[in-house]
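Please read the points below with the sequence and the model side by side.

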Amino acid sequence: MVMAPLFGYLGDRYSRKYLMAVGIFFWSLATLVGSFMPNYGWFLLFRCLVGVGEASYSTIAPTIISDLFVSDTRSKMLAIFYFAIPVGSGLGYIIGAEVTELAKVSETDWEAWRWGLRVTPVMGLLALALILFLVRDPPRGSSEGGQHLQATSFLSDLRYLFFNKSFVLSTLAFTCVTFVAGALAFWGPLFTKLGVLVQDHPNAKADDVSFVFGAIAMSAGLLGVPLGSFAGQKLRVKLPYADPLVCGLGLLFSVPLILGAMVLAEWNTIASYVVVFFGQVFLNLNWAVVSDIVLYIVIPTRRSSAEAFQILFSHALGDAGSPYLIGVVADAFKPYIHVNGTTTFFAPMDYDIANFTSTELTALDPFNATTTTPEPDDINADYVEFKSKQYAMFLCCIVNVLGAVFFFWNSCYIAEDKAKCDRIIAGAAPEREPSTTESTASSSSSSRSLASPEDSPEEEEEEEEKAQIQSLLT
């Protein structure tokens, strides 16, 4: 995450192929060495170093795709690339859990988890070989005729990105997405397992939760990522703001589904699995679309930096902190949750529940209106853990709504920012001797443009674009 801006800067200026290769090698090495660490401090250090490899690949790979393909073909290729995120996460649950089980020599073998990590370096080396022998690194902007654009100073790049409204708003919206995705990935299996444990007659096994949750994440990604890309491609034929609209609607539709899955986890695990699957499908609609947005609103020589800063902010303010925040909120709820018979009451911890009447208990409980005859406090540890995490996970729904608002806001600027990017790229295209027909058509088009003030950009914007093009060419 912290290294992403560095790789973004390098990716806009040096060989992207070899930068990715170095990052993947370092990623694999850090994962392997980390699996041998004897204490948590050293293990945490090497898990942080794994992020160096991710920073190289995540910032650079999409820009190579952007220089190989354009328009809808680019969108399709990005969809194929980005469904690797949910699919890889799902496979991580499945393979990690299965390898750990196979490596156990006894039920109390607490070291078997290390073998789950040692699968990753093998896949990393395979990816390294594919990059070195099969990946082609095209000139930046070659697919759009902008290969003559020149890299500018890092400060100029930053100024360009942070004054790009669509980039800022899509980054804020995507931060909300990663917040929810990180919280679900970290707490989802444990929360579901607690739901199984508190049920009187569970219809699922607690030991299978990680495997099933991984399968859900993987299958939801296989469906959701290409579905979002396909919807964006079809709608933007008529709606130039379709991409952020698809992302925003996906987040809104996921809210009741994720909320329903969290409520159902207490009563019916299978039903919870089904509902959370559809919730994650809608959540996954935006992975490829957001990257596509960044690539067509940012000029080719600044795309790696754009991907880098989006990764930095979305991870730093999103999935890097969301599991911790959910845990803190859950711990804050625990002192106020009391189990009385089959009912959970939400009340200040210094209240004596046994002395309250049924009516008073109902008034204290905003989440559960069910009442039973009060009995002396009988705290059920698993149930308190489950309810506290359930209340804390409701925060994900609020963040999803906030992300949808940012996407809808982005739809107000997306067409304008894309047109501005296209004009800069076109202005940097190499000059050639036009034919007579082309020259006549060009003169006619220019006359119409000058004669139609409503089709011309404002003078200040035009001057700014000219200055940007000049700086990129010199």
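1. A residue is called buried here when its relative accessible area is under 20%, exposed when that area is over 50%, and partly exposed in between, with a 1.4 Å probe and the protein chains only. By this rule Ser254 counts as buried, because its relative accessibility is 0%. Ser254 lies in helix α11, where helices (H or I, at least four residues) and strands (E, at least two) are DSSP runs numbered from the N terminus. Setting aside residues up to four places away in sequence, Ser254 touches Gly279, Phe282, Leu283 and Asn400, a contact being heavy atoms within 4.5 Å.

2. Please keep in mind that this is a predicted model, in which local features need pLDDT of at least 70 and side-chain atom pairs count only at pLDDT 80 or more, while totals for chains, interfaces and linings use all residues. Residues are numbered from 1 along each chain as its sequence is written, and side-chain values use heavy atoms, with hydrogens and water left out.

3. For the chain as a whole, there are 20 helices and two strands, and buried residues make up 46% of the 474 residues. Among contacts between residues at least 6 apart in sequence, 80% join residues at least 24 apart. The protein chain exposes about 23,200 Å², of which carbon and sulfur atoms supply 66%; accessible areas come from the Shrake-Rupley method with a 1.4 Å probe, and for residues only the protein chains shown count as cover.

4. Where does Arg74 lie, and which residues does it touch? Arg74 belongs to helix α4, which covers residues 71-82, and it counts as buried because its relative accessible area is 3%. Leaving aside neighbours within four places in sequence, Arg74 is in contact with Ile65, Ser66, Phe69, Ser143, Glu144, Asp292, Leu295, Tyr296 and Arg303. One of these residues, Ser143, is 69 residues from Arg74 in sequence, and the two are 10.0 Å apart in space, C-alpha to C-alpha.

5. The structure holds 15 salt bridges, a salt bridge being a side-chain nitrogen of Lys or Arg within 4 Å of a carboxyl oxygen of Asp or Glu. In one of them the side chains of Arg74 and Glu144 meet at 3.3 Å, N to O. This pair links distant parts of the chain, with Arg74 in helix α4 and Glu144 in the loop between α7 and α8 (154-162), 70 residues apart. Glu144 counts as partly exposed, because its relative accessibility is 26%.

6. Glu144 also meets the side chain of Arg303 in a salt bridge, at 2.9 Å, N to O. Here too distant parts of the chain are linked, since Arg303 is in helix α14 (residues 303-319) and Glu144 is in the loop between α7 and α8, 159 residues apart. Arg303 is buried, because its relative accessible area is 1%.

7. Another salt bridge is formed by the side chains of Arg236 and Asp292, at 3.4 Å, N to O. Arg236 is in the loop between α10 (209-235) and α11, whereas Asp292 is in helix α13 (residues 287-297), so that the pair links distant parts of the chain, 56 residues apart. Arg236 is partly exposed because its relative accessible area is 21%, while Asp292, with a relative accessible area of 4%, is buried. Salt bridges that share partners join Asp72, Arg236, Asp243 and Asp292 into one network.

8. On the surface, Tyr18, Leu126, Leu130, Leu132, Phe133 and Leu134 form a nonpolar patch with about 690 Å² of accessible area together. Patches are made of residues with over 30% relative accessible area and no salt bridge, like charges being joined within 9 Å and nonpolar side chains (Val, Leu, Ile, Met, Phe, Trp, Tyr) within 5 Å. Which helix gives the most to the nonpolar patch? Helix α7 (residues 120-134) does, with five residues.
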